[in-house]
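Please look over the sequence and the structure before reading the notes below.

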Amino acid sequence: MESETLDTPAIRSVAVIGSGLAGLTAAILLGKSGHRVRVFEKSRGPGGRMSSKRVADGSVDIGAQYFTGRDPAFLTFLETYASSDSFGQWGATFGFQQADKSWQPFPDESRYVGIPRMTAITRGLSEHVELTAQVRIARMNRAGSRWQLICTDGKDHGEFDQVVVTAPPAQTQELLTASGLMTLVNETRSPGGDILPCWAVAARFDEMPSAQFDAMRPDSDVLYWVANNSSKPGRNDDGQWWVLHATPEWTDANVDASPEKVSNDLLAEFKQLTGFDGTPTDSVAHRWLYARSASTDRPGFLWDQSEGVGIAGDWLVGGRVEGAWESASRLTQAMLAG
Ligand SMILES: Cc1cc2nc3c(=O)[nH]c(=O)nc-3n(C[C@H](O)[C@H](O)[C@H](O)COP(=O)(O)OP(=O)(O)OC[C@H]3O[C@@H](n4cnc5c(N)ncnc54)[C@H](O)[C@@H]3O)c2cc1C
């Protein structure tokens, strides 16, 4: 078994669980300060909810649609570690529908996307970390002052001085419970609340739907979000890919529905909304059990110095891409100060 503890006391070995934006941010910032960091990810690659799906003629962003850069330090971080070519502004028209069904443009704000797909950012960031993919950490065992990480196959993945958990709240609570960290479990119960589910459908059309905006938040019981993915910079799609996200309530009510039924229902609502009657030539559906946090209570991060366990993620800062970065940045500051 490999021991990850180093001889130099100031240099710590840290395991980061999850390679979404929060996990990659924490790993990069801790690594930059000289700590030895390893990232564990249950999926095939990095990205988490900043996810893109491969389709016949390219890819389509099925998770996060865009992100803000309200804190200039976030954009600087991305430029430094993901590269300035990996993202850019999405100069689309954005509109939301009011209860009387009239449309209003979104407030002016710079909105960014990954180029040529959302995962370009997390791919770029992951080049700065030591990432082990397709390993789901099931529990952490105390090994003296260190934590031994065990995956769902029962394999030992080494011992670490500190652990950063960046999974969504239900998965974080499961891991902490299996590791006997009940005080931290209780702390995670109140702040972030639940993350709401979301059925996502992407559909390709040969012709252009006659929509009022490139990206829309309709007043609908079925659709929460509709966007022309092909209007994002760097996409060279043949035809147009549109992304439809269901409302949390509709997703909840249809959580076990087949992808075919979900696609049909969302496309029917899309037709109703846009008046566009074209038939998609291709479509994919994806169910997010954990999509967006509805929380307004924002502790930022959780850090139990005596246990050496920190928790970061979007759900601790209001459920957005920029929040994931902010949460991980604040956690690492606290860890580096301790
Ligand atoms: C449909 C949808 C639309 C969205 N739209 C927007 C938007 O337009 N703008 C915006 O700002 N935000 C949006 N978001 C939210 C945004 O995607 C998230 O805020 C952000 O990506 C969260 O990053 P994170 O690192 O905190 O978590 P995640 O990206 O969820 O990363 C957590 C990672 O941990 C891994 N993991 C979990 N448990 C384990 C384990 N036990 N062992 C190993 N790995 C584990 C997961 O596989 C995952 O990769 C959207 C999300 C969804 C799903």
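A residue is called buried under 20% relative accessible area, exposed over 50% and partly exposed in between, using a 1.4 Å probe and protein chains only. The model is predicted, so local features need pLDDT of at least 70 and side-chain atom pairs count only at pLDDT 80 or more, while totals for chains, interfaces and linings use all residues. Residues are numbered from 1 along each chain as its sequence is written, and side-chain values use heavy atoms, with hydrogens and water left out.

**Domains**

- The domain assignment of the protein gives domain 1 (13-50 + 124-192 + 298-337) and domain 2 (52-116 + 194-293); such bounds come from an automatic or database domain assignment.
- The centres of domain 1 and domain 2, taken over C-alpha atoms, are 28 Å apart.
- Contact means heavy atoms within 4.5 Å, and 24 residues of domain 1 are in contact with 21 residues of domain 2.

**Ligand surroundings**

- The ligand is surrounded by 37 residues, where a residue is near a molecule or strand if one of its heavy atoms lies within 4 Å of it.
- The closest of these residues are Glu 41, Arg 49, Tyr 66, Asp 314 and Val 321.
- The shell around the ligand draws at least three residues from each of domain 1 and domain 2.
- Helices (H or I, at least four residues) and strands (E, at least two) are DSSP runs, numbered from the N terminus.
- Helix H1 (21-32), strand S19 (282-293) and helix H8 (321-337) each supply at least two residues of the shell around the ligand, and the largest share, 3 residues, comes from S19.
- By type, the shell around the ligand holds 17 nonpolar, 13 polar and 7 charged residues. Ala, Val, Leu, Ile, Met, Phe, Trp, Tyr, Cys and Pro count as nonpolar, Asp, Glu, Lys and Arg as charged, and the others, Gly among them, as polar.
- A polar contact is a pair of N or O atoms within 3.5 Å; within protein, one must be able to donate a hydrogen and the other to accept it, and residues adjacent in sequence count only if both atoms are side-chain atoms.
- Oxygen atoms of the ligand lie 3.2 Å from a backbone N or O atom of Leu 21 and 2.9 Å from a backbone N or O atom of Val 321.
- A polar backbone atom of Ile 137 is 3.0 Å from a nitrogen atom of the ligand.
- Taken alone, the ligand exposes 1000 Å², and the protein buries 96% of that; accessible areas come from the Shrake-Rupley method with a 1.4 Å probe, and for residues only the protein chains shown count as cover.

**Helix H3**

- Helix H3 (residues 119-126) is mostly covered, with 7 of its 8 residues buried.
- The buried residues of H3 are Thr 119, Ala 120, Ile 121, Thr 122, Gly 124, Leu 125 and Ser 126.
- Their cover includes H1, strand S3 (52-55), strand S5 (67-68), helix H2 (72-81), strand S6 (87-89) and strand S9 (111-114).

- Ser 52 is found in strand S3 and counts as buried because its relative accessible area is 17%.
- The side chain of Ser 52 makes a polar contact with the side chain of Asp 61 at 3.1 Å and reaches the backbone nitrogen of Met 118 at 3.3 Å.
- Arg 117 sits in the loop between S9 and H3 and counts as partly exposed, since its relative accessibility is 22%.
- The side chain of Arg 117 makes a polar contact with the side chain of Ser 59 at 2.8 Å.
- Not counting residues up to four places away in sequence, Arg 117 touches Ser 52, Arg 54, Ser 59, Asp 61 and Arg 235.

**Backbone geometry**

- Most residues other than glycine have a negative phi, and most peptide bonds are trans.
- The peptide bond from Ile 115 to Pro 116 is cis, with omega near 5 degrees, and Pro 116 is in the loop between S9 and H3.
- Ser 83, in the loop between H2 and S6, has a positive phi near 95 degrees and is partly exposed at 30% relative accessible area.
- Gln 134, which is not a glycine, has a positive phi of about 60 degrees.
- Gln 134 is placed in the loop between strand S10 (131-132) and strand S11 (137-143), and is exposed at 58% relative accessibility.
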